[in-house]
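Dear colleague,

Please find the structure below, handed over for your use.

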Amino acid sequence: MTTAAPTTSDESVISGVFDGRTWLEPSSNDRTTLIDPSTEDVLGVVALAQPSDLDAVIDPAVTAFTSWSSTSFTERAEYLQRISQIWQERGEEIAQCVSREMGMPITNSRLSNIAGSARNFSYYAELAHDAAAEQVRPALSFPGRTHVRANPVGVVAAIAPWNYPTYLMTSKIAPALAAGCTVVLKPAVENALTAHLMASIFQEAELPPGVVTIGIGGADFGQGLVKDDRISLVAFTGSTAVGRAIGSIAGERLALTNLELGGKSAAIVLDDADPQIVARELPPLAFRNSGQTCFAQARVIATPGAYQGVLDALAAWARSQVIGPALDETTTFGPLATRQHRERVLGFLDRALEQGARLVSAGDQGSLPAEGFFVDPMILADVDNRWEIAQEEIFGPIVVVIAAEDEDHAIELANDSRYGLAGSVWTSNPQRALDVARRVEAGSVGINGFRPDIGAPFGGIKESGQGRENGPEGLRCYLRSDSIYEFQA
Ligand code: NAD
């Protein structure tokens, strides 16, 4: 089934406020034009949700919480399974919408926005199905017993970025709903059309009104959500700067947070790494989604015997990419999401070259499509780990290669970062791989590859955040453990 995005009375403008039942007339004239990053065509205009719209999205979620939280885990699991099924049926529509909105090549978009996102609902449905709302334990210090109750934390504000939009929205919505929470979703403005599609899926699944509401707004609207006492938990994925601001506001009013933030993940390539595995697996990880991936292994640290081989492998992969519009089935490398983001990325490149980095890749901006926000995949060699290009998250297609003297030095360089989201170790010695991986300061580390598996906890340490998504751990932040003590003589 295809549902056109609902509009306001001005037919060319889509509403930014969904109260869980219908899209409302916006309360202001603040509009944003949505631009296709592959073609620079106008995709639509969205009337942004304002702080004055907060009641319209929070009140229904508060009302719905009473009934939704009292349904059983099994009942909620049935809703989630239904959403998962409809999501897959309408998957192509969603994948194309995301590709159009933020430039993700359609072949990748299908993986992330169909299978990956639908799986979030079926996975948390399976976990919810087996969850117990109450356990009884014998009291240990006193006569009697304790009923330990898994209660939903309340209304959740789910705030998401644009880079893997549906995955990062559903990785919050699915466990929150499974736990019995209701959700106010604030997607990135760039994903307004996708948010409309999602709302229509929830409607098709007959999710009760108010269980998920949506406000498509900017920073002021997001901040309004974070400040609001009716919001019990802020589940946020985005930059470290915004995460820090959210953590401090939420901390002030003792609200809960789950913060998935930025990264500058290091790939440690050791002399005994298998060159074929490195050549096949590492470049797509380093440049994943045109580098717009939180766990992109954008800082490659190689020991002397591996250094030149890694440079060659990255350069060969970069030259082999088909750079083009996201909806073209042959495209392997899409544009950056916005013009402003491309300017930011190219600014980092200029400063790195001035500082002494050596450009190894083709890097021929002149041969790129005339329209669209394209940037070639770039490889910079001879980079010092202390430089801005090695320390800051670029979130674009620039991979730096850093020389390490030996294994210990490589680990030291990898850990010399304010971030700690992900990392990887490349060696053909399994024991060495595990030993090194255990010394890397990051929430998740891969060996000869990296995959954020839905069954495993994902999240950062240091300035990459706190809390976890995915796995059973991804359900925990949405549940409180309360107890009832029952005296027995
Ligand atoms: P961003 O922090 O600018 O925005 C993220 C979301 O927060 C958007 O919806 C935005 O509108 C909203 N927002 C902005 N200011 C706000 C405020 N003051 N209060 C409340 N909400 C506010 O990030 P982005 O540019 O959209 O995404 C890129 C960043 O996301 C990168 O740093 C990337 O590493 C990070 N990211 C992290 C993960 C992870 O799992 N750790 C995954 C994907 C992306």
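Is phenylalanine 287 buried or exposed? In this model, which is predicted, phenylalanine 287 is buried, because its relative accessible area is 1%.

**Aromatic pairs**

A search of the whole structure gives 11 aromatic pairs. In one of them, phenylalanine 18 pairs with tryptophan 23 in a tilted arrangement, with 5.1 Å from centre to centre and 40° between the planes. Phenylalanine 18 and tryptophan 23 are both buried.

Phenylalanine 287 has tryptophan 317 as a ring partner: the centres are 5.5 Å apart and the planes stand at 5°, so this pair is stacked. Phenylalanine 287 belongs to the loop between α9 (275-286) and β13 (299-302), and tryptophan 317 belongs to helix α10 (residues 304-320), so the pair ties together parts that are 30 residues apart in sequence. Tryptophan 317 counts as buried because its relative accessibility is 17%, which is under 20%.

Ring pairs also join Trp87, Phe121 and Phe202 into a cluster.

**Salt bridges**

The structure contains 28 salt bridges. One of them joins arginine 145 to glutamate 486, whose closest N and O atoms are 2.9 Å apart. Since arginine 145 is in strand β6 and glutamate 486 is in strand β22 (residues 479-486), this pair ties together parts that are 341 residues apart in sequence. Arginine 145 counts as partly exposed at 30% relative accessibility, and glutamate 486 is likewise partly exposed, with a relative accessible area of 29%.

Another salt bridge is formed by the side chains of glutamate 407 and arginine 439, at 4.0 Å from N to O. Here glutamate 407 lies in helix α13 and arginine 439 in helix α14 (residues 430-439), so parts that are 32 residues apart in sequence are tied together. The relative accessibility of glutamate 407 is 21%, and this residue therefore counts as partly exposed. Arginine 439 is also partly exposed, at 39% relative accessibility.

The side chains of arginine 480 and aspartate 482 form a salt bridge as well, with 2.7 Å from N to O. Arginine 480 is partly exposed at 37% relative accessibility, and aspartate 482 is partly exposed with a relative accessible area of 24%.

Beyond individual pairs, salt bridges with shared partners connect Asp272, Glu407, Asp408, Arg432 and Arg439 into one network.

**Surface patches**

Glu405, Asp406, Glu412 and Asp416 form a patch of negative charge on the surface. Within this group, aspartate 406 is placed in the loop between β16 (398-403) and α13 (407-415). Aspartate 406 is partly exposed, because its relative accessible area is 38%.

A nonpolar patch on the surface consists of Phe142, Tyr485 and Phe487, which together have about 380 Å² of accessible area. Phenylalanine 142 is found in the loop between β5 (134-138) and β6 (145-152). With a relative accessibility of 56%, phenylalanine 142 counts as exposed, because the threshold for that class is over 50%.

**Backbone angles**

Which phi value does phenylalanine 395 have? Phenylalanine 395 is not a glycine, yet its phi is positive, at about 60°. This residue is located in the loop between α12 (388-391) and β16. Phenylalanine 395 is buried, with a relative accessible area of 16%.

Asparagine 448 also has a positive phi, near 55°, in a residue other than glycine. The loop between β19 (444-447) and β20 (461-462) holds asparagine 448, and this residue is partly exposed, with a relative accessible area of 24%.

**A distance across the model**

Finally, arginine 119 is placed in helix α4 (residues 106-129) and is partly exposed, with a relative accessible area of 34%. Arginine 119 and alanine 315 are separated by 196 residues in sequence and by 34 Å in space, taken from C-alpha to C-alpha.

Yours sincerely

Methods
Residues numbered from 1 in each chain as written. Predicted model: local features only at pLDDT ≥ 70, side-chain atom pairs only at ≥ 80, totals over all residues. Heavy atoms only, no water. Patch = residues over 30% accessible without salt bridge, like charges linked within 9 Å, V, L, I, M, F, W, Y side chains within 5 Å. Areas by Shrake-Rupley, 256 points an atom, 1.4 Å probe, with all protein chains shown as cover. Lys, Arg positive; Asp, Glu negative; His and termini not counted. Charge placed at Lys NZ, Arg CZ, Asp CG, Glu CD. Helix = DSSP H or I, 4+ residues; strand = E, 2+ residues; numbered from the N terminus. Buried < 20%, exposed > 50% of the residue type's maximum accessible area, 1.4 Å probe, protein only. Phe/Tyr/Trp six-rings, centres within 6.5 Å; stacked < 30°, edge-to-face > 60°.
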